4 protein chains.
Amino acid sequence: MRKQRDGAGTKEIVIAAAKAAFAERGFSGTSLAYISRQCGISEGLILHHYKSKQGLYQAVLEELSVGYDDMLVQAMTGAENPDEMAGNMLAATFRFWSEDRVYNRIAMWAYLENRTELIAAETALTAKLAGLLTEMQKQGRVDAAFSPLTLLTMTIGPIHFWTRYREQFKRALGLEGTMDELNRRFLQEYMSLIEKLYRPVTGSAGETS
Amino acid sequence: MRKQRDGAGTKEIVIAAAKAAFAERGFSGTSLAYISRQCGISEGLILHHYKSKQGLYQAVLEELSVGYDDMLVQAMTGAENPDEMAGNMLAATFRFWSEDRVYNRIAMWAYLENRTELIAAETALTAKLAGLLTEMQKQGRVDAAFSPLTLLTMTIGPIHFWTRYREQFKRALGLEGTMDELNRRFLQEYMSLIEKLYRPVTGSAGETS
Amino acid sequence: MRKQRDGAGTKEIVIAAAKAAFAERGFSGTSLAYISRQCGISEGLILHHYKSKQGLYQAVLEELSVGYDDMLVQAMTGAENPDEMAGNMLAATFRFWSEDRVYNRIAMWAYLENRTELIAAETALTAKLAGLLTEMQKQGRVDAAFSPLTLLTMTIGPIHFWTRYREQFKRALGLEGTMDELNRRFLQEYMSLIEKLYRPVTGSAGETS
Amino acid sequence: MRKQRDGAGTKEIVIAAAKAAFAERGFSGTSLAYISRQCGISEGLILHHYKSKQGLYQAVLEELSVGYDDMLVQAMTGAENPDEMAGNMLAATFRFWSEDRVYNRIAMWAYLENRTELIAAETALTAKLAGLLTEMQKQGRVDAAFSPLTLLTMTIGPIHFWTRYREQFKRALGLEGTMDELNRRFLQEYMSLIEKLYRPVTGSAGETS
DNA sequence: TATGAATGAGGGTTCATTCAT
DNA sequence: GATGAATGAACCCTCATTCAT
């Protein structure tokens, strides 16, 4: 019986519940009744604000997309050279994928459902990073023998993979430590490996010397 | 219609349709009515053979799991040394993920739906590969500075990533050539990079010292 | 809990209830729940047999259309000359419109809802009668000064009108007698008037002079 | 939007949209949301002015009824004898039914929905015309062999019928000319036929001989 | 007067499942 | 083994209406 007449507030409550629900169960696995139950707002009112279940989903996706954009912009500002910027963006990406379970899962659902709403932001990231890599290759700081896209795939792929399988690895392989510790350890090794990957194959004279 | 009393044949037809449907639309996005329409077998009969929608899904997952196992076994046999075996398995994995859209997608749906049916096979692969890597590290043929699990993540992660994003990359970045060509080119660079990644850091001066 | 597994029987029961309901309340004024309640057959089962509310409505319209056709055919057979046939058809039409409240009303609803399902049969009647009239005009038995279509309008229009307004007339003008008696009296006068209408203007003196 | 505090203007806009909507789709086929969309006035405000959907419908019916009355009064005034008055009323009725699609259709919906709001005016017309006919019969100018009500039915019925079926006739029978022309042609023949119908059977010589 | 938030009932339809045949 | 009749719950959505602002 929420008689508060607070449209904006209501929408926020609804979208929070929807985000969680869609993340956990996907679009067709989530019913409006469920969301309604979760946030205590009647189905009718939800529909009043978002027109349809699709509309609500879209709103969720758009919010997530904006969040991704913000993350990117934040990661890009303040860096003094391509190296630093690339590093920042990588770290931010890792943090985002690794920590934001909701984004993480909804992105997968959306992919499977052939939704394109989230793709723009992710593609922007890829393009930006590809540009940075190209520049770094020109400066001789990144191995120029490989296409930036492949390098990116080698870079971001493991992050996604780790995020998706880490729990299963922990369980199946009996890894010790908390997930936080595992994450830290992985990140450390990962960074070293990325460096190894990018490092130009030196000639006689070492360039990093 | 089909009054052939051919249980086995019917089951095959049903499971093929179910596989395609679940791959495309996920479990809750797929209705028995849809599957029934796709394969021309009545819902009643489908249920007769598989007890429930869940049962049918399970059967699909199990078949996929068996297929994965077979792929693995085949990749492992005939190799004469860990290097070759590892290479074979990697190539097979790439082929499997890259080409089997159905497995690919169902594995993702299943992951999101917290299903464990497909995980066993994948974990077995990981464990096996980890074992091989450890051995190769002992033999000094793989950089021993990193844990096998991290190396694996760096190895398989890009395959998944590439499979998931390649089409979007092609579209968004305007890549030229057919997808087959792109795949080939990627695979070539990928292999080189994997080698670079694994290669022990040689040289007179010890690197971890 | 009708566990009779009698598809055809069920469909009949449903369509009878639907006919009555649609006649009384129109398409959008009738809910499946109402029909379901009226005939004791679950909404689910109704939809199982007729796919949709529209499908059910269509089935009703088609049945009525067939009924109309049958009436026509029956009226046309057995007559020995155009006069008799025309008379028969007129009488049958009167009886049909006058007595079949369900057809009567559904035809009106359907007209308002821009449905064409019932029009074919009615148009067929008009065309047939127009043909008969033309022939009778050639034989000099019907006034040739008017187009058959106008004559038909003058003929059938009053039937529809009478059917629609008779109750109201009875009430508002305080007519005595049962509706049956009123009907009989009207029909008698109506027939005389039709004859007067059709009768060629004879005599030595030209009629249009 | 419209913060003009113009109650009367608002009501006019609403009722115009409502009239059109109810004419096209009937009462239960029309939603307040639809009317609101059509005229750009919020559902809340519509309800504020008309209390309920029923109230709005009633207002529409009353307006139409008043329009009918006006038409009648106008047709009745200025005539110098029963003949002229009857002629005027007939012509007005024809014009009204023939041209006012909205009245035409709403009257049918209302009839089917057992609404009585429009009946009073129509009954008044009938009564008035019946009175005129009686008088004309007394004066020997109209065939006294038939009851005025039957004569009226023969007179007005064809108008309704023509209005309802003319388009279908045009299409199905391939009539040439615009609808306007068809209307004119029909009206001309109709008037002659009405005259023929009313004309007292004269003369010493028996007419049916 | 005017809006739009909020409600709750009911709309048609889909769904997985059971069961008689 | 195979069909389709039958069910009942749930689904998304529309509806008329109320009420705070």
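Asn114(C) counts as exposed, at 55% relative accessibility, because the cut-off for exposed is over 50%. The model is predicted, and the values here are computed from it. Asn114(C) sits in the loop between helix 6 (101-112) and helix 7 (119-138) of chain C. Although Asn114(C) is not a glycine, its phi is positive, about 60 degrees. Most residues other than glycine have a negative phi.

Asn114(A) lies in the loop between helix 6 and helix 7 of chain A. Its phi is positive as well, at about 60 degrees, and Asn114(A) is not a glycine. With a relative accessible area of 53%, Asn114(A) is exposed.

A search for disulfides across the whole structure, over all chains, finds zero.

The table sets out the accessibility of these residues.

| Residue | Relative accessible area | Class |
|---|---|---|
| Asn114(A) | 53% | exposed |
| Asn114(C) | 55% | exposed |

The remaining topic is the contact between chain A and chain B. The size of an interface is often given as the accessible area lost when the parts come together. Between them, chain A and chain B bury about 4,700 Å², and carbon and sulfur atoms account for 69% of it. Chain A brings 51 residues to the contact, and chain B brings 51 residues.

How many salt bridges are there between chain A and chain B? The count is two. One salt bridge joins the side chains of Lys196(A) and Asp143(B), with 2.6 Å from N to O. Polar contacts between chain A and chain B number 17 residue pairs, with both residues at pLDDT 80 or more.

On the side of chain A that touches chain B, the elements giving two or more residues are helix 6 (101-112), helix 7 (119-138), helix 8 (148-173) and helix 9 (179-198) of chain A. Helix 8 of chain A gives the most, with 18 residues. By residue type, this side of chain A consists of 29 nonpolar, 13 polar and nine charged residues.

Notes:
Residues are numbered from 1 along each chain as its sequence is written. Chains are lettered from A and ligands numbered from 1 in the order in which they are written. This is a predicted model: local features need pLDDT of at least 70, side-chain atom pairs count only at pLDDT 80 or more; totals for chains, interfaces and linings use all residues. Side-chain values use heavy atoms; hydrogens and water are left out. Contact means heavy atoms within 4.5 Å. Buried area is the accessible area (1.4 Å probe) that two parts lose on being put together, summed over both. A salt bridge is a side-chain nitrogen of Lys or Arg within 4 Å of a carboxyl oxygen of Asp or Glu. A polar contact is a pair of N or O atoms within 3.5 Å; within protein, one must be able to donate a hydrogen and the other to accept it, and residues adjacent in sequence count only if both atoms are side-chain atoms. Helices (H or I, at least four residues) and strands (E, at least two) are DSSP runs, numbered from the N terminus. Ala, Val, Leu, Ile, Met, Phe, Trp, Tyr, Cys and Pro count as nonpolar, Asp, Glu, Lys and Arg as charged, and the others, Gly among them, as polar. A disulfide is a pair of cysteine sulfur atoms within 2.5 Å. Buried means under 20% relative accessible area, exposed over 50%, partly exposed in between (1.4 Å probe, protein chains only).
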